[in-house]
Amino acid sequence: MAPLPQLLESDVQVLDAVLRELLAQCEATTVLLTDQAGFLITHQGDDRQFDLTSMAALAAGAFMASQSIAHLLQESNFSSTYQQGEHFSLFMRCVDSGCMLLVIFPAKGSVGAVKYYANTACERLAAQLRIARERNPGAGLDLAELNLLDSETLFRRKS
């Protein structure tokens, strides 16, 4: 898993614009960008209907389980997964080696449209994350290694 690059406000604005466009294109309820450990980076859409923090963490676990299944099938990976529900469906796709896109959409919606528009969105999200990584290659952060009980080191001024 690649560490999350240092994101500036301008990076997040671009990421949010891509997510807003995807939200409209596929008539989704909510779209999320997470790191592959399940930490929510940003989202667009309805954030009151779902617990997005838990959704991100659980979706990451489900996605990693599907990656393990892919390896058992001698596949290098499954780049996306789809969960269909009675009211809502969930489409998850790798953005790059460190991030995932989650699209929550009404179950009556078209998964084909979601997949189609998500592919383009993932390319654009990956491009912006690549720009952020290249801006400062050593400034990445692996959120999974954070000690949330001791955040002092995270906020310490660098010398």
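A salt bridge here is a side-chain nitrogen of Lys or Arg within 4 Å of a carboxyl oxygen of Asp or Glu. Keep that cut-off in mind on this tour. The model is predicted: local features need pLDDT of at least 70, side-chain atom pairs count only at pLDDT 80 or more, and totals for chains, interfaces and linings use all residues. Residues are numbered from 1 along each chain as its sequence is written, and side-chain values use heavy atoms, with hydrogens and water left out.

**Stop 1: helix α1**

Select residues 9-25. This is helix α1, with 17 residues. Helices (H or I, at least four residues) and strands (E, at least two) are DSSP runs, numbered from the N terminus. The expected span is 1.5 Å times one less than the number of residues. For α1 that gives 24 Å, and the end C-alpha atoms are 24 Å apart, which agrees.

Now colour Asp 11, Leu 15, Asp 16, Val 18, Leu 19, Leu 22 and Leu 23, the buried residues of α1. They cover an arc of only 160 degrees around the axis, which puts them on the same side of α1. The arc is taken from the directions from the helix axis to the C-beta atoms. An α-helix has 3.6 residues a turn, so residues three or four places apart point the same way.

Buried means under 20% relative accessible area, exposed over 50%, and partly exposed in between (1.4 Å probe, protein chains only). Turn to the face of α1 away from its buried side: it carries exposed Glu 9 and Ala 24. Just after α1, click Glu 27, which takes a positive phi of about 50 degrees.

**Stop 2: what α1 packs against**

Show β1 (30-35), β2 (40-45), β5 (99-106) and α3 (111-135). The buried residues of α1 pack against these elements.

Zoom in on Asp 16, in helix α1. Which residues does Asp 16 touch, not counting those up to four places away in sequence? Thr 42, His 43 and Gln 44. Contact means heavy atoms within 4.5 Å. Asp 16 is buried yet has no salt bridge. Its nearest side chain of opposite charge, Arg 20, is 4.9 Å away. For charge, Lys and Arg count as positive and Asp and Glu as negative; His and the chain ends are not counted.

**Stop 3: strand β5**

Select β5. Of its 8 residues, 7 are buried. Two strands pair if DSSP finds at least two bridges between them. β1 and β5 run antiparallel, joined by 6 bridges. Pick Val 31: its bridge partner in β5 is Val 103.

Ser 89 stands opposite Phe 105 in β5. Follow the chain from β4 to β5: a hairpin joins them through 4 residues.

**Stop 4: the salt bridges**

How many salt bridges does the structure hold? There are 4. Here are some to select.

- Arg 135 and Asp 11: their side chains meet at 2.7 Å, N to O. The pair links helix α3 to helix α1, 124 residues apart. Arg 135 is partly exposed at 39%, whereas Asp 11 is buried at 0%.
- Arg 124 and Glu 21: their side chains meet at 3.0 Å, N to O. This pair also links α3 to α1, 103 residues apart. Arg 124 is partly exposed at 36%, and Glu 21 is partly exposed at 35%.
- Arg 48 and Asp 46: the closest N and O atoms are 3.9 Å apart. Arg 48 is exposed, at 74%.
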